[in-house]
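Q: I have a structure open and would like to learn how to read its features one at a time. Where do we start?

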Amino acid sequence: MFWKMESLFALTLLVLVAEVSFVAADDEAFIGVNIGTDLSDMPHPTQVVALLKAQQIWHVRLYDADRGMLVALANTGIQVMVSVPNDQLLGIGQSNSTAANWVSHNIVAHYPATNITAICVGSEVFTTIPNAAPVLVNAMKYIQSALVASNLDRQIKVSTPLSSSIILDSFPPSQAFFNRSWNPVLIPMLNFLQSTGSHLMLNIYPYYDYMQSNGVIPLDYALMKPLAPTKEAVDANTLVHYSNVFDAMVDAAYFAMNFLNFTNIPVMVTESGWPSKGDTNEPDATLDNANTYNSNLIRHVLNKTGTPNHPGIAVSTYIYELYNEDLKPGPVSEKNWGLFNANGEPIYILHLTGAGLVLANDTTNQTYCTAKEGADPKMLQAALDWACGPGKVNCSAILQGEPCYEPDNVIAHATYAFNSYYSRMGKAPGTCDFNGVAAITTTNPSHGTCLFPGSTGKINGFGNITAPSMNSTSSAPPAQNLYNLGSMSFLLLRVLICSIVFL
C-alpha cells in the first residue's frame, strides 16, 4: 500500500515526525569501518571512496588525517573519524600551538565539506607508546581548545581509543576495573570525556581473548554464535547472562568506569574483527570464522539490543578493517583482517541477508530492483514518493546536482529509489514489486559516478571516476550535505508536493 494521506495537515505532521526521527537517528547504533594503509598496492582515495559508497559504508575511521582521503571524502555524506598518529602525540601534547596548527591544517581546512565527526588522539597509547601517556590528556585538551577556537567543538568530539587489555578482571564484568597504574592518566581523561560529551573509545578483539584463554573461552562464545541458556556465561554478582565476549567486554568497560565514579560516558568500539587467515599456530583464523564473527557482530550492533547490562544503549562499532594489509609486520593473521582485497574484491561474502544495507558485499550473482519499462508514470511517481518517504530510502543522490540526478526522469529516479529500498530490506522476497511497477534484474543499473546500492563500484571501472587534485587547496563547503537535516527536510517537502499531485 503506497503512501496515502487524507489532508495536507497529515502530510505536514509526517514531515515533523520524520525530522524528529532523523535527529534521533544520530544517537542510534551504526557500523563503521577502519581504513588501514599498510598495503603494497594501496588504492587511490577515489577508489576507496567508490568502494565505501558501493557498500553503503557511511562511517569510517582513518589512522591519520591524510589530505588525499579527506578531499576524496568531501561531499559524500560519509562521517569521518580522523586520528592524531602516535608519532605526533608527544609534539602535540607538549605544545598548544602545535595542536592548533594540526587542527587548522587537518580539520578546519576540510570541514564541513568533509563530514569530520571525531578526532582520535593517538591509538592504544597505554599499551603501545606508554612513554607518551603522561601527555595524552594534555594533547586531548589542546586539540579540544583548538576546536573551541574554531567553533567546532560541538560538531567534532575528541577521544582516544584504548586497548581492552587495560581492563583487568574483565569477567565477571561487575568486578572489572582499569589497570590502577594508569589511574593518574585515566581519571583526568575520563573527566575530560565526561565534560565534553565524548565516548570512551575501546578496541575489542574476542579473537585474541579466545586465543589467550587456553581453552577457557569457547570458540562459539567468541564468535557470537547463538548459545543455549545453559551455555551462557553468568555474572554471579548481577545474575546477568552473557552469550558472547563482545558484550561482556563492553559491560566490563562500563563497570570499570563506574568503579572510578564515572557513570554517564557512553562506550564506542573503535576496532573489532576477526582474521581470515593465520599461521599454523593460528588454526581459528579462517575465512569461515571471520565471516561468522563479523556477520554476527554487524547484525548484533544494528539490532540495537545493546548489552545485557545496558539493554537498548547503542554500541556503535568500527570493523577492523576495510582492506587486508599485506605490509603489516608480525604473524600471517596480522595481514588478514580485511573485508576486501586492494582491488575491491571481497575476501568473503558476509552472511547479512535481512540485516539491512550496510556491507552487503556479495559482488557475485548480484540482483537489482529496477523500474519496469512502460510502467504508468503516475504509478512510478507514487512508488518513488513512497520509497523516499515512508520507505525511508535516502534519496539525496537523485536531487539536482547529485551523482544520480541525471537522467532526470521518473524511470531513472524510481529505479534508484526502488533498488535502494530493495537493498535496504536485504533483498527479501516481495521487496521489489511496488504495485507491479518494479522488477528484479541481474544488470547493474549504475552509470558514470552514480553507484547504486549493492553494486561493487567497478561496473564502469575505477578509471572513470574523476579524481580530485591531490594538490588542491582546502575543500569548498558542500552545496548539500547528504546527512544535513535541512536537505532531508527539503527532500521530504518535495515528496509531499509530489504526493499531493499524484494522490
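Q: Which helix gives the most to the lining of the second largest pocket?
A: In this predicted model, the answer is helix 11, with three residues. Helix 11 covers 245–259. Strand 7 (167–168) and helix 9 (206–211) also supply at least two residues each.

Q: How many residues line the second largest pocket, and which lie nearest its centre?
A: The lining has 42 residues, and those nearest the centre are Ser164, Asn203, Tyr205, Tyr208 and Asp209. The space in this pocket is about 920 Å³. By class, 19 of the lining residues are nonpolar, 10 polar and 13 charged.

Q: How many cavities of 30 Å³ or more are found in the whole structure?
A: A cavity differs from a pocket in that a 1.4 Å probe fits inside but cannot get out. Two cavities of 30 Å³ or more turn up here. The largest cavity has a volume of about 60 Å³.

Q: What lines the largest cavity?
A: Helix 11, helix 12 and strand 13 each supply at least two residues. The lining includes Phe246, Asp247, His300, Val301, Gly306 and Thr307. Its classes are six nonpolar, four polar and two charged. Lys304 is also one of the lining residues, and it returns below in a salt bridge.

Q: How many salt bridges are there in the whole structure?
A: Side chains of opposite charge can pair when their charged atoms come close. The search finds three salt bridges. In one of them, the side chain of Lys304 meets that of Glu28, at 3.1 Å from N to O.

Q: What is the order of the strands in the open sheet of nine strands?
A: The order is 5-4-3-2-1-15-12-9-6, and the pairing is parallel. Strand 5 (157–159) and strand 6 (161–163) are the edge strands, each pairing on one side only. From one strand to the next, the twist averages 25°.

Q: How many bridges join strand 1 and strand 15, and which helix packs on the sheet there?
A: Strand 1 (residues 31–35) pairs with strand 15 (residues 317–319) over three bridges, in the parallel sense. Gly32 has Tyr318 of strand 15 as its bridge partner. Helix 12 (residues 287–302) packs on the sheet and touches strand 1, strand 12 (267–272) and strand 15. The direction of helix 12 makes about 160° with that of strand 15.

Conventions:
Residues are numbered from 1 along each chain as its sequence is written. This is a predicted model: local features need pLDDT of at least 70, side-chain atom pairs count only at pLDDT 80 or more; totals for chains, interfaces and linings use all residues. Side-chain values use heavy atoms; hydrogens and water are left out. On a 1 Å grid over the protein atoms alone, a cavity is a set of points where a 1.4 Å probe fits but cannot get out, and a pocket is an open set with protein on both sides within 12 Å along at least five of seven lines; lining residues have an atom within 4 Å of a point. Grid points are joined across faces, edges and corners, and a volume is the space filled by probe spheres set on the points. Helices (H or I, at least four residues) and strands (E, at least two) are DSSP runs, numbered from the N terminus. Ala, Val, Leu, Ile, Met, Phe, Trp, Tyr, Cys and Pro count as nonpolar, Asp, Glu, Lys and Arg as charged, and the others, Gly among them, as polar. Two strands pair if DSSP finds at least two bridges between them. Axes are lines fitted to C-alpha atoms, for helices over the stretch in contact, and angles run from 0 to 180 degrees between N-to-C directions. Contact means heavy atoms within 4.5 Å. A salt bridge is a side-chain nitrogen of Lys or Arg within 4 Å of a carboxyl oxygen of Asp or Glu.
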